[in-house]
Amino acid sequence: MASSAVWKIPFILANSACLRVAMTPPTPYATAASKERARYEREHATRDLIPMPLWWGPPTFRTTGHAINGLEILAIILSAYPSIVEYLAFGGLVKSANVARDGSNIYISATFVIGLVLSVFGAWIRASCYRHMGRHFTFELTIQDEHKLITHGPYAIVRHPSYFGLFTYYFGTTLCQFGPGSFWDVAGLWGTLAGKLAGVFYIGYMIWVAVALFARAAKEDDVLRREFKDQWHSWAQKTPYRLLPFIY
């Protein structure tokens with residue numbers, strides 16, 4: 001008899017889809033010419049206060065996130081189909097029985113539902129920003145040749161909607177993957193060395209990037225103000241908030 005947790009699998013896959021959207025740049029890294037990046041990196045006024053690990057960070061984060069989701073799906077499948085457990089145990093993977101046992105305790109909690117809604121919403125905001133910015137959207141702080149100031153779509157609501165979308169996604173996926181009813185929770189992975197290492201990296205990376213982007217928002221405003229002058233001031237008057245309407 002299949003476990004009732006099986007119907008959670010499509011939602012876990014949806015979370016992985018959100019992960020890919022939120023953490024995959026629409027254009028390859030370093031698409032901006034080195035001279036364009038250098039003119040901001042060499043000035044303290046416009047340089048990122050907290051270094052952004054663009055080359056290895058997002059790919060490693062995505063891999064870790066997909067692995068966490070994959071482990072939960074595996075646990076659900078093993079608990080739903082005991083014959084698979086017997087086959088794996090016969091092949092020497094005796095720990096699969098423990099994974100299956102934990103998988104039977106996985107369930108969809110209210111925390112998971114809230115987290116998934118936030119993940120989808122955050123990824124949707126990011127995708128909307130990619131669409132409106134086009135080739136100008138990069139994970140780097142740069143002004144490209146023939147750069148245009150985008151003031152429509154989500155950029156008519158706040159000046160840095162992609163950052164808000166990423167913060168929303170981060171919070172939502174944390175609730176999904178580590179909250180009540182998750183494999184991480186029912187298997188007690190925080191009590192293992194591997195679980196601690198993976199969890200600390202995963203959550204620590206989100207905090208690191210969130211703090212870095214929060215600090216970058218002011219720097220980015222300075223860069224845009226310098227480049228677009230009156231056009232930026234007009235936009236800032238119409239869109240006075242950086243990240244959250246009526247708050248900041």
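Predicted model: local features only at pLDDT ≥ 70, side-chain atom pairs only at ≥ 80, totals over all residues.
Which helix holds both Asp 222 and Arg 225, and how many residues apart are they? Both lie in helix H9, three residues apart, which is about one turn of the helix; helices here are DSSP runs of H or I with at least four residues, numbered from the N terminus.

Residues are numbered from 1 along each chain as its sequence is written, and side-chain values use heavy atoms, with hydrogens and water left out.

Asp 222 and Arg 225 form a salt bridge, their closest N and O atoms being 2.7 Å apart; the term stands for a side-chain nitrogen of Lys or Arg within 4 Å of a carboxyl oxygen of Asp or Glu. Asp 222 is partly exposed, with a relative accessible area of 31%, and Arg 225 is partly exposed as well, at 30%, where buried means under 20% relative accessible area, exposed over 50%, and partly exposed in between, with a 1.4 Å probe and protein chains only.

The structure holds four salt bridges. In one of them Lys 8 pairs with Glu 72, with 2.8 Å between the closest N and O atoms, and this pair links distant parts of the chain, since Lys 8 sits in the segment before H1 and Glu 72 in helix H3, 64 residues apart. Both Lys 8 and Glu 72 are buried.

Arg 242 and Asp 221 also meet through their side chains in a salt bridge, at 2.8 Å from N to O. Arg 242 lies in the segment after helix H10 (230-238) and Asp 221 in helix H9, so the pair ties together parts that are 21 residues apart in sequence. Asp 221 counts as buried because its relative accessibility is 0%.

Turning to the nonpolar residues, the largest nonpolar core has 32 residues, and Phe 61, Tyr 169 and Tyr 170 are among those with the most contacts inside it; such a core is a set of buried Ala, Val, Leu, Ile, Met, Phe, Trp, Tyr and Cys residues joined through side-chain atoms within 4.5 Å. Helices H3 (57-80) and H7 (161-178) are among those that each supply at least two residues of this core.

Where H3 meets H7, Phe 61, Gly 65, Ile 68 and Asn 69 face Tyr 169, Tyr 170, Gln 177 and Phe 178, contact meaning heavy atoms within 4.5 Å.
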